[in-house]
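Thanks for making time. I will go through one structure, contact by contact, and keep it short.

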Amino acid sequence: MSKDAVNTAAATPRTDAAQVPADAGDAGYSKDLKARHVNMIAIGGAIGTGLFLGAGGRLHDAGPALAIAYLVCGIFAFFVVRALGELVLYRPSSGSFVSYAREFLGEKGAYVAGWMYFLNWSTTGIADITAIALYTHYWSLFTDIPQWVLALIALAVVLAVNLISVKIFGEMEFWFSIIKVATLVGFMLIGIFLLATQHEVGGQTPGLSVITDNGGVFPHGMMPVVLVMQGVIFAYAALELVGVAAGETAEPEKVVPRAVNSIMWRVGLFYVGSVVLLALLLPGSVYSADQSPFVTVLSKIGVPAAGDVMNLVVLTAAMSSLNSGLYSTGRILRSMAMAGSAPKFTARMNRSQVPYGGILLTCAVCVLGVGLNFLVPAQAFEIVLNVASLGIISTWVIIMICHLVFVRRARTGLVDRPSFRLPGSPVTEITTIAFLLACLGMMWNDPEVGRKTLLLIPLIAAMLVAGWFGIRRRVSQTADQELSQLTK
């Protein structure tokens, strides 16, 4: 729906507005997600392979200062989700930020937001199925099975779960999150016990001396901390799923504020707290990118089967991420298709009120990932992970721009702000956008991967421009049809 059409809809009496969705893409969904589902989706978005696996290599590079990086990035991630939460309470939509971009930035803004988010999740999906295949190879039972076969099986299983119903998706995400939280809590209790009893870990007594005797908080200076920022931002990707899920819950005004506000303390406890514990237990140089830092600690104290348990958890985290990616892109693409900016088939829903067209399109891209696993199994994960980072940073920037416009309109009386608000507007939005763009610019300091990723931006921009010229007539026709229906 065009911006003018939305404004026209907003100007109609409330009785009419209740009968006609503000976004045509919101019609037809069930409201089967419960409060516990949305809360756990929020937790699941905040805890993933970025912590369970990625923290090892980052601790090695940045040392204990990684906790500061997680805290800083976590604060800005919270600002993004808080801004999105306010927009959700203003108007819940399964199209989420794409629907808000359509209202506040026009169809071009919605087009860019939607396809960049699709780029993020479709490439993240490739990374996820690659990770699942790699984690499964850890067990000797599966070592003889080709990596691409395992990737295809994982994709098929998660696709089936997503197509059955949103309730099944919610249940699967709920239990995935329970496993991740239980694992983190268990590790933190073990870590606190080791600190309290001064039990040796790898021949060293844990405590502040582990940090002070090995170069301090910044053992390698500030630059490694700056360089890991982009990876830390990616670790927080999926927090915006709360906004998408709100469109399929019966009481978003009650569920969303609780879920959003809980993100901050979860970030502080699980990310910052666990990294501080890891830094107090072992020097950063002991950790590596090849092994989960939690496995490193547990193996040093002789915990049996520590590798097997943690491998199962990171496998769960990757499955959770793939599950969420298919869910969110299906809803986003349907919102776009109803406005004419995505293929028509992505608007289709099955009997269970699941937008299967968009889910299948994302799966088609993930199948390309199966091909990558066949052709270059060693490089598949790294190739797609960096492309996905471009998508998530652009998505978060667009959310903050939408919120800026929303607040500006609220000040002129065009819209009403809910009581649940992002504090400090417009300074908070502008500071967050500047920080995200700075993280993007920092990638240039990494000539091996980051610089090559940034060089893809002109190519992606050219593809977006070409795509817009290809669909702009259809978008205009769709907007005119909806406008004529609203003014009848």
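Start with a salt bridge: Arg-91 pairs with Glu-103, and their closest N and O atoms are 2.9 Å apart. Arg-91 sits in the loop between α6 and α7, while Glu-103 belongs to helix α7 itself, residues 96-105, so that the two are twelve residues apart. Both Arg-91 and Glu-103 are buried. Please keep in mind that this is a predicted model.

How many salt bridges does a search of the whole structure find? The count is three. Another one joins the side chains of Arg-417 and Glu-86, at 2.6 Å from N to O. Arg-417 is in the loop between α18 and α19, and Glu-86 is in helix α6, so this bridge ties together parts of the chain that are 331 residues apart in sequence. Here too, Arg-417 and Glu-86 are both buried. The remaining bridge to mention is Arg-102 with Glu-107, whose side chains meet at 3.3 Å, N to O. Are these two buried or exposed? Arg-102 has 1% relative accessibility and therefore counts as buried. Glu-107 comes out at 10%, and because the cut-off for buried is under 20%, Glu-107 counts as buried as well.

Staying with charge for a moment, the charged end of Arg-82 sits over the ring of Phe-420, 4.0 Å from the ring centre.

That brings me to the rings. The structure holds 16 aromatic pairs. One of them is Tyr-70 with Tyr-271, a tilted pair with 4.9 Å between centres and 45° between the planes. Tyr-70 is in helix α6, residues 66-90, and Tyr-271 is in helix α14, so that the pair links parts of the chain 201 residues apart. Tyr-70 has 0% relative accessibility and so counts as buried. Tyr-271, also at 0%, counts as buried too. Elsewhere, ring pairs link Phe-76, Phe-78, Phe-79 and Phe-435 into a cluster.

In soluble globular proteins, nonpolar side chains tend to be buried together. In this model, the largest nonpolar core has 158 residues, and the members that touch the most others are Phe-52, Tyr-70, Trp-115, Tyr-236 and Trp-396. Helix α18, residues 380-411, gives the largest share of this core, with 16 residues. As for Trp-115, its contacts beyond four places in sequence include Leu-333, Met-336, Pro-343, Leu-361 and Leu-464.

Asn-162 is found in helix α9, residues 147-164. Where does its side chain reach? The side chain of Asn-162 reaches the backbone nitrogen of Tyr-327, at 3.3 Å. With a relative accessible area of 2%, Asn-162 is buried. Leaving out residues up to four places away, Asn-162 touches Phe-169, Asn-323, Leu-326, Tyr-327, Val-354 and Ile-359.

Last item: helix α15, residues 293-300. Six of its eight residues are buried, so the helix is mostly covered. The buried ones are Pro-293, Phe-294, Val-295, Thr-296, Val-297 and Leu-298. What covers them? The cover includes α4, α5, α10, α14 and α16. Just after α15, Gly-302 takes a positive phi of about 80°.

That is the end of my list. Over to you.

Notes. Residues are numbered from 1 along each chain as its sequence is written. This is a predicted model: local features need pLDDT of at least 70, side-chain atom pairs count only at pLDDT 80 or more; totals for chains, interfaces and linings use all residues. Side-chain values use heavy atoms; hydrogens and water are left out. Buried means under 20% relative accessible area, exposed over 50%, partly exposed in between (1.4 Å probe, protein chains only). Helices (H or I, at least four residues) and strands (E, at least two) are DSSP runs, numbered from the N terminus. Contact means heavy atoms within 4.5 Å. A polar contact is a pair of N or O atoms within 3.5 Å; within protein, one must be able to donate a hydrogen and the other to accept it, and residues adjacent in sequence count only if both atoms are side-chain atoms. A nonpolar core is a set of buried Ala, Val, Leu, Ile, Met, Phe, Trp, Tyr and Cys residues joined through side-chain atoms within 4.5 Å. Rings of Phe, Tyr and Trp (its six-membered ring) pair if their centres lie within 6.5 Å; planes under 30 degrees apart count as stacked, over 60 as edge-to-face and the rest as tilted. A charge sits over a ring if NZ of Lys or CZ of Arg is within 6 Å of the ring centre and within 35 degrees of the ring normal. A salt bridge is a side-chain nitrogen of Lys or Arg within 4 Å of a carboxyl oxygen of Asp or Glu.
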